[in-house]
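Me: I should like to work through a protein structure by means of questions and answers. May we begin once the structure is shown?

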Amino acid sequence: MSDDGHQHTGHEHVPSRQRTRFPGISSRAYEHPADRSALVALRRLSGFDTVFKALSGLLPERSLRLLFLSDSVRVSERQFGHLHEMLLDACYILDLEKVPPMYVTQDPQPNAMCIGLDEPIIVVTTGLVELLDEEEMRAVVGHEVGHALSGHSVYRTILLFLTSLALKVAWIPLGNLAIMAIITALREWFRKSELSADRAGLLVGQDVRASMRGLMKIAGGNHLHEMNVDAFLEQAEEYDSGGDLRDSVLKILNVLPRSHPFTTVRAAELKRWAESRDYQRIMDGHYPRRTEDQDTSVRESFRESAASYASDVKGSKDPLMKLVTDLAGGAGDLGGRVRRGFAGFTSTPPAQDSAEDTPPKDAE
């Protein structure tokens, strides 16, 4: 508190910057449509409301804060000053009124998270701080501030708690199944929310190459002289379009236990958004404001999400997505295409259609 009785958020000490600022920006400006639709689907999951209300009252919010206060380093003007400046800068650019507390915790694994029920807390690991340069780190801090502005920290905290709880009740078949259903839905939402937060990180850093480098380093470590952003993005293209239906299924199975999307996928998604008209409009000052959030229609959000998914499926080069598109379009010989796509699952090639399977000409 200052002498005049007003609470200072720290913005008063942030000088004018070359980066564009977005006064009153709503998180809807950068939220990925899949993020919004996955969150709506999560809230409609049977039993989620009951679990959410119960955990909101049971989770040790104060204990969580005391844990970081006692066993991590709180970022401030006197500790990790460069991160403190980045945090103030990110909150200034996204116009987040209350600057969330930020901690650095000892962990060689590069990671960052935004957690908390009543108020968000940002935590970054020493592995991440040591891995990234200043502009790359700025995008990460903006990413976490984006989570805070979107209100993601509540669901992230519940995901962490349920993941721990699932291990403790694994011996209870039905109890574990119920928890795992919610965990799976939470992970699906959180993977989508990461795409939203990546966009927020770009709005804060306003340097797409730095955002790309940060993702690349998280994937390949601190060997920037050995890596190339364009080659990294080519990996994403190969991942999206390569293989057959077997690979499509394996991609789904590989991503299910993960909380984050694959880094190449995140890089490709962010690059597409950075080159889009939506991003340019935000940079030009045309974006939804928080004052308009209460007037936003849920139905309209659903419509936007559905349109986004349809566009993604139609434009995807993934074999399974192509098959879905063909099914919707009524393409012929789908049975043969499916058999050919999954042929590699067996050691013998698929049998040719026999005469018994072929309808007589007069039956067509």
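**Strands, helices and salt bridges**

Reply: Strand β3 (residues 112-115) and β4 are joined by 4 bridges and run antiparallel. Please note that the model is a predicted one.

Me: Which residue in the turn of the hairpin formed by β3 and β4 has a positive phi?

Reply: β3 and β4 form a hairpin, and 5 residues lie between them. In the turn, a positive phi of about 125 degrees belongs to G116.

Me: Which residue of β4 is the bridge partner of Y103?

Reply: β2 and β4 run parallel and are joined by 4 bridges. M113 stands opposite a residue of β4, namely V123. The bridge partner of Y103 in β4 is likewise V123.

Me: How many of the residues of β4 are buried?

Reply: In a regular strand, side chains alternate between the two faces of the sheet. On one side of β4 are I121, V123 and T125, and on the other are I122 and V124; all are buried, so that both faces are covered. Strand β4 (residues 121-125) is thus mostly covered, and the number of its 5 residues that are buried is 5.

Me: How far apart are the end C-alpha atoms of helix α6?

Reply: Helix α6 (residues 134-150) has 17 residues. At 1.5 Å a residue, counting one less than the number of residues, the helix should span 24 Å. The model agrees with this, because the end C-alpha atoms of α6 are separated by 24 Å.

Me: Is α6 largely enclosed or largely open, and how many of its 17 residues are buried?

Reply: A residue counts as buried when its relative accessible area is under 20%. α6 is largely enclosed by the rest of the structure, because the number of its 17 residues that are buried is 15.

Me: Which residue places a side-chain oxygen within 3.1 Å of the backbone nitrogen of E135?

Reply: This contact is found at the start of α6. After α6 comes G151, with a positive phi near 75 degrees. The side-chain oxygen that reaches to within 3.1 Å of the backbone nitrogen of E135 belongs to D133.

Me: Is S153 buried or exposed?

Reply: S153 belongs to helix α7 (residues 153-168). Leaving out residues up to four places away in sequence, S153 touches C114, I115, G116, P120 and H147. Its relative accessibility is 4%, so S153 counts as buried.

Me: What is the separation of the C-alpha atoms of S26 and R290?

Reply: S26 is in the segment before α1 (33-43), and its relative accessible area of 0% means that it is buried. Apart from neighbours within four places in sequence, S26 contacts P288, R289, R290 and D293. Although S26 and R290 are 264 residues apart along the chain, their C-alpha atoms are separated by 4.4 Å.

Me: Is E275 buried or exposed?

Reply: E275 and K271 form a salt bridge, with their closest N and O atoms 2.7 Å apart. K271 counts as partly exposed at 32% relative accessibility. At 57%, E275 counts as exposed.

Me: What is the distance from the sulfur of C91 to the nearest cysteine sulfur?

Reply: The count of disulfides comes to 0. A disulfide needs two cysteine sulfur atoms within 2.5 Å. C91 is in no disulfide, and the nearest cysteine sulfur, that of C114, lies at a distance of 9.9 Å.

Methods:
Residues numbered from 1 in each chain as written. Predicted model: local features only at pLDDT ≥ 70, side-chain atom pairs only at ≥ 80, totals over all residues. Heavy atoms only, no water. Helix = DSSP H or I, 4+ residues; strand = E, 2+ residues; numbered from the N terminus. Buried < 20%, exposed > 50% of the residue type's maximum accessible area, 1.4 Å probe, protein only. Polar contact = N/O pair within 3.5 Å; in protein donor to acceptor, adjacent residues only side chain to side chain. Contact = heavy atoms within 4.5 Å. Salt bridge = Lys/Arg side-chain N within 4 Å of Asp/Glu carboxyl O. Pairing = 2+ DSSP bridges.
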